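Hi,

Here is the structure I promised to pass on. Have a look at it first, and then read my notes below.

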Amino acid sequence: MASETSESARTRRPFVLLAPRIGKPRRGALAWLTAVALLVCITDAHAQATPSLVEAVTTLTNNGVFQYNGLEFAAAAANDSAYSNLLKICAPSATGAPVSGSCSGPTQALFSRLRELEDNADQLLGRGETQYSLRLDPEGLGSALRWTAPEEYAAQGSIATRFANSQAAVLNNRFAALRIATLQRFARSNEGDDGMLAAADDFGAFGGAAGGDAGGFSLGRLSVFINGGFGTGEKLPTTYEDAFSFDGTEASAGADYRLTKNLVVGLLVGHSERRVDFNSEESIVDGKIRGNGQGGTLYAQFETDAFYVNASVGLQHLSLHTARRITYPSNNPDIASVDETSLSDTSANTLTTSVSGGYVFNYRGFSAEPYLNGEYVHVRINSFTEHSGAGFDFDVDEQTIHSTTGSAGLKLQYAVLPRFGVLVPYVYGEYRRIFSDPSRVVQSSYAAGDSSQPDMNIPTAGAPSHYYVVGGGGSVVLKHGLQGFMQYMKILNYTDYTDHVVSGGVRWEF
């Protein structure tokens with residue numbers, strides 16, 4: 001094994017070896033004394049070593065050699081801090097062994113990886129010992145620093161909030177289905193007397209207690225439903241966040257009961273499968289996140305012929321599995337390239353509440369529906385520790401996300417009245433204003449390090465102040481309480497994101 005050398009020439013201190021003046025020492029004794037002196041020198045130099053990554057990225061950036069970004073600066077600072085702590089327990093003693101017995105396994109592996117980066121920084125600065133340098137150029141060092149940073153975990157928040165949003169979208173479709181009966185009533189009451197369903201003011205005449213309404217169309221007390229959906233999109237890279245593609249599959253079911261002509265209460269339960277694949281062509285990253293979750297929402301709707309108010313409260317639980325690859329080359333034949341994968345498992349718990357209301361303007365089969373909606377989302381992603389890596393595993397702290405959003409929208413629809421039922425094509429558009437969804441900091445520290453404080457503090461991008469949602473689809477109401485819908489929705493002007501969702505479902509009334 002090659003002998004250890006100083007981490008920085010600036011910290012090497014002179015030494016004086018005093019030998020007793022008892023005759024002329026033998027050649028073997030001189031060799032032994034020289035070896036001891038070298039070990040003392042090496043140990044002293046390691047103890048006094050000064051981490052150089054921050055100085056290197058600062059110096060090279062200021063001199064115009066290479067422009068390092070914020071994430072690379074953050075990684076350099078974190079690695080300097082961790083290396084400084086590990087020098088106290090991993091720098092070799094006079095015997096060549098670490099000064100502490102705790103420097104073994106993952107801790108020793110982390111120390112070796114950080115030492116390679118530090119020696120590389122010294123080489124770029126033109127000073128110090130460079131025996132363990134990876135011999136990367138400035139750009140290569142920047143890439144290596146990005147690989148060491150766990151910025152991938154910012155994407156966990158995106159997955160959790162999109163799961164909550166998908167459940168909210170399913171609920172909005174459910175509310176719309178309940179109001180189809182009112183539109184159907186107005187359409188048929190204006191169609192004329194041809195044997196089809198006529199308007200009525202009495203709840204019982206609409207099937208509240210009797211199911212024998214004209215033509216088999218009724219407004220039942222109890223209904224059950226199942227919905228499904230698939231969404232996909234992409235995120236563009238930013239300084240602190242990686243590019244990735246994502247998709248999700250939704251399945252929901254539930255039931256509601258009409259307590260009175262105007263009031264309905266119900267329960268929605270759902271399951272979701274979420275996937276994120278990081279884009280290696282757009283960012284210095286490789287890995288994936290897989291999630292599956294379940295949720296339940298209680299809801300109520302009060303409506304008259306024109307006015308309605310909805311309210312809901314829901315809980316969601318999402319399990320998350322992440323694979324984060326760390327890989328960068330070595331141009332030093334004595335140092336192996338780095339290629340490891342850190343794995344982690346955690347969960348996210350979400351509380352959602354919403355209140356919305358609108359007014360429906362009807363003219364024959366046509367309706368215009370302006371509406372307002374307010375939603376609050378609270379997400380907590382539990383802390384966790386990575387495993388299976390070879391030194392670069394992290395302890396990641398708990399993350400908390402708060403989001404308050406208000407929206408104003410307009411829905412246009414028209415009821416077409418074939419003999420077999422009612423067809424209702426529709427389009428809608430929303431303006432959504434985000435009142436609270438600030439940037440957060442993902443805090444983490446090396447699992448094999450020697451620090452009680454976070455080594456890495458990576459800020460995420462805050463949500464945009466506003467964005468838009470557009471969509472369209474159609475519903476069909478058949479005899480004997482059967483109803484179905486299909487819908488396409490797209491998000492517009494949400495900074496750095498594209499998002500599309502296709503959904504559909506069926507409902508039965510009894």
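R274 is buried, with a relative accessible area of 9% (buried means under 20% relative accessible area, exposed over 50%, partly exposed in between, with a 1.4 Å probe and protein chains only). Its side chain meets that of E250 in a salt bridge, at 2.2 Å from N to O (a salt bridge is a side-chain nitrogen of Lys or Arg within 4 Å of a carboxyl oxygen of Asp or Glu). E250 sits in strand β2 and R274 in strand β3 (residues 263-278), so this pair links distant parts of the chain, 24 residues apart. E250 counts as buried too, at 10% relative accessibility. Before going on, a word on what you are looking at: this is a predicted model, where local features need pLDDT of at least 70 and side-chain atom pairs count only at pLDDT 80 or more, while totals for chains, interfaces and linings use all residues. Residues are numbered from 1 along each chain as its sequence is written, and side-chain values use heavy atoms, with hydrogens and water left out.

Now the overall picture. The protein has six helices and 17 strands (helices, H or I with at least four residues, and strands, E with at least two, are DSSP runs numbered from the N terminus). Of its 510 residues, 49% are buried. If you take the contacts between residues at least 6 apart in sequence, 68% of them join residues at least 24 apart (contact means heavy atoms within 4.5 Å).

Back to the salt bridges, of which the structure holds 15. One of them brings together the side chains of R146 and D242, at 3.9 Å from N to O. R146 belongs to helix α5 (residues 138-148) and D242 to the loop between β1 (222-235) and β2 (244-258), so the bridge ties together parts that are 96 residues apart in sequence. Both R146 and D242 are buried.

Another salt bridge joins the side chains of R325 and D286, at 3.1 Å from N to O. Here R325 is in strand β5 (residues 307-328) and D286 in the loop between β3 and β4 (287-303), so parts 39 residues apart in sequence are tied together. R325 counts as partly exposed at 28% relative accessibility, and D286 is partly exposed as well, with a relative accessible area of 25%. There is also a network of salt bridges that links E55, D122 and R127.

How does α5 pack against helix α3 (residues 70-90)? The two helices meet at an angle of about 75°, with their axes 8 Å apart (axes are lines fitted to C-alpha atoms, for helices over the stretch in contact, and angles run from 0 to 180 degrees between N-to-C directions). That makes α3 roughly perpendicular to α5 (angles under 35 degrees count as roughly parallel, over 145 as roughly antiparallel, 65 to 115 as roughly perpendicular and the rest as oblique). On the α3 side the contact involves L71, E72, A75, A76 and N79, and on the α5 side G142, S143, L145, R146 and T148. Sorted by class, that contact has four nonpolar, four polar and two charged residues (Ala, Val, Leu, Ile, Met, Phe, Trp, Tyr, Cys and Pro count as nonpolar, Asp, Glu, Lys and Arg as charged, and the others, Gly among them, as polar).

On to the strands. β5 and strand β6 (residues 338-359) pair in the antiparallel sense over 22 bridges (two strands pair if DSSP finds at least two bridges between them). In this pairing, A311 stands opposite V355 in β6. β6 also pairs with strand β8 (residues 366-381), again in the antiparallel sense, over 11 bridges, and T350 stands opposite V379 in β8.
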